[in-house]
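Work through these exercises with the model open beside you. Try each task before you read its solution.

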Amino acid sequence: MEIIRFADVRPEPWRNGGGVTREIASHPQAASAQDGAWDWRVSIADVSTAGDFSVFPGMERVITIIDGELLLLTVDGSEHPLEKYRPFRFSGEAASSATLPTGDIRDLNVIARQGAYKGYTSIVEISKKRPHPVFEGQLAVLLEGKATVAPGAAEESDGGEAATSAAEPVELSRYDTVVGSDTRSPEISGRGFVAVISIDHVG
């Protein structure tokens, strides 16, 4: 079971200097966060000043405000008010800029290369009674609340019995990310909201 701790992710300045980004995951992992050599990337950005967004030719973006109230995003001349927890998809090569009518915001970005991958973001409320599984090709980011994650039950063995182990749940901090797996898929439980990111291969 893999957890990416937000506290361990190093902040990097935007290419255009308008904010700070923390890269949560990318593929291929060896690609630099700065040169756009990756095919997809998931990151969390702090936006504290109005201005232009970086351009990512050949990419498609999904942006979700995860802290703060409102971001006014202008894409190719059209203005879009983005509210908290409402994902918005747009072209990475479009001329885009933002203003902050209610102050600083933090956003979750999913950027994927068109024709090769498709990124999706869903905001899910978690509960203690029904653990939420995270499957292969997914990432789950704790946005708010208190939550733990534990490995799911193992698949049945040759004898027909499910091999289970009493793994202790691991506590998550805000913005920690659980990496999905189809082998004992991690299950998140607690109270609060998570962003479930799916990266589908379409090439």
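**Exercise 1. An edge of the sheet**

Which residue in strand 3 is the bridge partner of Pro 13?

Solution. Keep in mind that this is a predicted model.
- Step 1. Go to Pro 13 and look across to strand 3: the bridge partner is Val 20.
- Step 2. Strand 2 and strand 3 run antiparallel and are joined by 3 bridges.
- Step 3. Widen the view. The open sheet has 6 strands, in the order 2-3-4-11-6-9, with antiparallel pairing.
- Step 4. Find the edges. Strand 2 (11-13) and strand 9 (88-91) each pair on one side only.

**Exercise 2. Strand 6 and its two partners**

Find the strands that pair with strand 6, and state how many bridges each pairing has.

Solution. 
- Step 1. Take strand 11. Its antiparallel pairing with strand 6 has 8 bridges. Here Met 59 stands opposite Arg 113.
- Step 2. Take strand 9. It also pairs with strand 6 in the antiparallel sense, over 4 bridges. Arg 61 has Phe 90 in strand 9 as its bridge partner.
- Step 3. Recall what holds such strands. Strands of a sheet pair through backbone hydrogen bonds, either parallel or antiparallel.

**Exercise 3. Ile 65**

Decide whether Ile 65 is buried or exposed, then list its contacts away from its sequence neighbours.

Solution. 
- Step 1. Ile 65 belongs to strand 6, which spans residues 59-67.
- Step 2. Apply the cut-off. Ile 65 has a relative accessible area of 0%, so it counts as buried, the limit being under 20%.
- Step 3. List the contacts, leaving out residues up to four places away in sequence. Ile 65 touches Leu 71, Leu 82, Glu 83, Lys 84, Tyr 85, Ile 105, Arg 106 and Asp 107.
- Step 4. Compare sequence and space. Ala 45 is 20 residues from Ile 65 in sequence, and their C-alpha atoms are 9.6 Å apart.

**Exercise 4. The nonpolar cores**

Which members of the largest nonpolar core touch the most other members?

Solution. 
- Step 1. Start from the general rule. In soluble globular proteins, nonpolar side chains tend to be buried together.
- Step 2. The largest core has 24 residues, and Val 42, Ile 44 and Ile 197 touch the most other members.
- Step 3. Name the contributors. Strand 3 (19-27), strand 4 (40-47), strand 6, strand 11 (105-113), strand 14 (138-151) and strand 17 (186-201) each give two or more residues to this core.
- Step 4. Separate the other core. Apart from the largest one lies another of 16 residues, including Ala 45, Ala 94, Ala 98 and Leu 100.
- Step 5. Inspect Ile 44. Beyond four places in sequence, its contacts include Phe 6, Val 20, Ile 24, Ile 66, Leu 108, Val 141 and Tyr 175.

**Exercise 5. Rings and charges**

Classify the ring pair of Trp 38 and Phe 56 as stacked, tilted or edge-to-face.

Solution. 
- Step 1. Get the total. The model has 4 aromatic pairs.
- Step 2. Read the geometry. The ring centres of Trp 38 and Phe 56 are 5.7 Å apart and the planes meet at 45 degrees, so this pair is tilted.
- Step 3. Trp 38 is in the loop between strand 3 and strand 4, and Phe 56 is in the loop between strand 5 (51-52) and strand 6, 18 residues apart. Both Trp 38 and Phe 56 are buried.
- Step 4. Look for charges over rings. Lys 84 lies over the face of Tyr 85, 5.0 Å from the ring centre. Arg 89 lies over the face of Tyr 120, at 5.2 Å from the ring centre.

Terms used. Residues numbered from 1 in each chain as written. Predicted model: local features only at pLDDT ≥ 70, side-chain atom pairs only at ≥ 80, totals over all residues. Heavy atoms only, no water. Buried < 20%, exposed > 50% of the residue type's maximum accessible area, 1.4 Å probe, protein only. Contact = heavy atoms within 4.5 Å. Core = buried A, V, L, I, M, F, W, Y, C linked by side-chain atoms within 4.5 Å. Pairing = 2+ DSSP bridges. Phe/Tyr/Trp six-rings, centres within 6.5 Å; stacked < 30°, edge-to-face > 60°. Lys NZ or Arg CZ within 6 Å of the ring centre and 35° of its normal.
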